[in-house]
Amino acid sequence: MKLGSKLLLPSIVTAVVALGCGAVNSLLMNREAADIAKTYSVDIADLRAVTGAQEQLGRIHAGVYRTFSLIGSMDDAKIQAYRSEVQQQIKAMQKEVAAVGAEHGDQPELAAGADKLNAQLTAYAKQSDQAIDLASVDPNTGVAAMQSADEAFRLAAQNASAYVQTIQSDAESAQTASTQRANRVAWALGLLSVVLTAAALAAGARVLRHLVQAL
């Protein structure tokens with residue numbers, strides 16, 4: 001090996017080590033950032049779906065009570081159409097909630113929460129429909145029959161709020177875990193870079209000593 005090459009070798013090795021560790025660190029950080037972005041994208045979509053279902057259920061509930069005050073002026077066809085519309089809206093909500101639960105199939109708490117919310121929506125759909133049916137005969141009877149639906153509505157709203165909080169908590173935990181992993185990787189690569197650089201410098205110093213002795 002030529003003298004110039006021998007003199008440059010330690011610097012080249014040190015630069016390669018530093019660049020290699022930097023490239024690996026950048027690759028791992030980008031991968032971690034992509035995973036977090038994907039997780040947040042799913043969580044945001046799920047939050048929108050659950051909060052949207054919660055808001056829609058509130059509108060349906062208010063609409064049922066509003067219908068009681070107008071039901072005396074509605075013919076049977078309109079009443080049946082309204083009942084069908086309510087059931088269709090609730091089924092659409094349940095489909096979205098089920099999709100959210102499927103997104104978190106690996107998280108038992110969230111999967112069970114989605115099933116529980118859907119069960120409460122099913123109960124509300126049945127009880128509110130019965131109340132509307134009774135109200136078509138006597139509005140006061142319909143209002144009285146809504147007590148069970150009121151309870152199902154309360155439980156569904158409560159469970160939806162708890163579900164949202166759980167998703168948010170899980171997202172925060174995932175971010176914290178990601179930050180900790182990134183810090184551990186950065187420290188490990190930093191330490192590896194220092195060790196390899198020190199080894200390269202030591203090897204370079206040994207080569208220089210040999211060159212000096214040869215000269």
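Modeller: Gladly! Let's start with the core: the largest nonpolar core here has 33 residues, and those with the most contacts inside it are V64 and Y124. A nonpolar core is a set of buried Ala, Val, Leu, Ile, Met, Phe, Trp, Tyr and Cys residues joined through side-chain atoms within 4.5 Å. Buried means under 20% relative accessible area, exposed means over 50%, and partly exposed is in between, using a 1.4 Å probe and protein chains only.

Biologist: Which elements give two or more residues to this core?

Modeller: They are α1 (3-70), α2 (76-103), α3 (108-135) and α4 (139-214). The most comes from α3, which gives nine residues. Helices (H or I, at least four residues) and strands (E, at least two) are DSSP runs, numbered from the N terminus.

Biologist: Before we go on, what should I know about the model itself?

Modeller: This is a predicted model, in which local features need pLDDT of at least 70 and side-chain atom pairs count only at pLDDT 80 or more, while totals for chains, interfaces and linings use all residues. Residues are numbered from 1 along each chain as its sequence is written, and side-chain values use heavy atoms, with hydrogens and water left out.

Biologist: How many helices and strands does the chain have?

Modeller: The chain has four helices and zero strands, so from the N terminus on its elements read α-α-α-α. Of its 215 residues, 30% count as buried. Contact means heavy atoms within 4.5 Å. Among contacts between residues at least 6 apart in sequence, 83% join residues at least 24 apart.

Biologist: Now to Y124: is Y124 buried or exposed?

Modeller: Y124 is buried, with a relative accessible area of 0%. Not counting residues up to four places away in sequence, Y124 touches L57, I60, H61, V64, I90, D129, M146, A149, A152 and F153.

Biologist: M146 is on that list. Where is M146 found?

Modeller: M146 is found in helix α4, and M146 is buried, with a relative accessible area of 0%. Leaving aside neighbours within four places in sequence, M146 is in contact with H61, V64, Y65, F68, Y124, S128 and A131.

Biologist: How do I read a pair of aromatic rings?

Modeller: The general idea is that such a pair is described by the distance of the centres and the angle of the planes. Rings of Phe, Tyr and Trp (its six-membered ring) pair if their centres lie within 6.5 Å; planes under 30 degrees apart count as stacked, over 60 as edge-to-face and the rest as tilted. By this rule the count comes to two aromatic pairs. One of them joins Y65 and F68, edge-to-face, at 5.8 Å centre to centre with 75° between the planes. Y65 and F68 are three residues apart in helix α1, so about one helical turn separates them. Y65 is partly exposed at 30% relative accessible area, whereas F68 is buried at 6%.

Biologist: And why is the pair of Y124 and F153 tilted?

Modeller: Their ring centres are 6.3 Å apart and their planes are at 50°, so the pair counts as tilted. This pair links distant parts of the chain, with Y124 in helix α3 and F153 in helix α4, 29 residues apart. F153 is partly exposed, with a relative accessible area of 21%.

Biologist: What about empty space inside?

Modeller: Rolling a probe the size of a water molecule over the atoms shows where empty space is left. On a 1 Å grid over the protein atoms alone, a cavity is a set of points where a 1.4 Å probe fits but cannot get out, and lining residues have an atom within 4 Å of a point. Grid points are joined across faces, edges and corners, and a volume is the space filled by probe spheres set on the points. Here the count comes to one cavity of 30 Å³ or more, and about 50 Å³ of space lies in the largest cavity.

Biologist: Which residues line the largest cavity?

Modeller: The lining is made of A53, Q54, L57, M93, V97, L117, L121, A156, A157 and A160. The elements that give two or more residues to this lining are α1, α2, α3 and α4.

Terms used. On a 1 Å grid over the protein atoms alone, a cavity is a set of points where a 1.4 Å probe fits but cannot get out, and a pocket is an open set with protein on both sides within 12 Å along at least five of seven lines; lining residues have an atom within 4 Å of a point.
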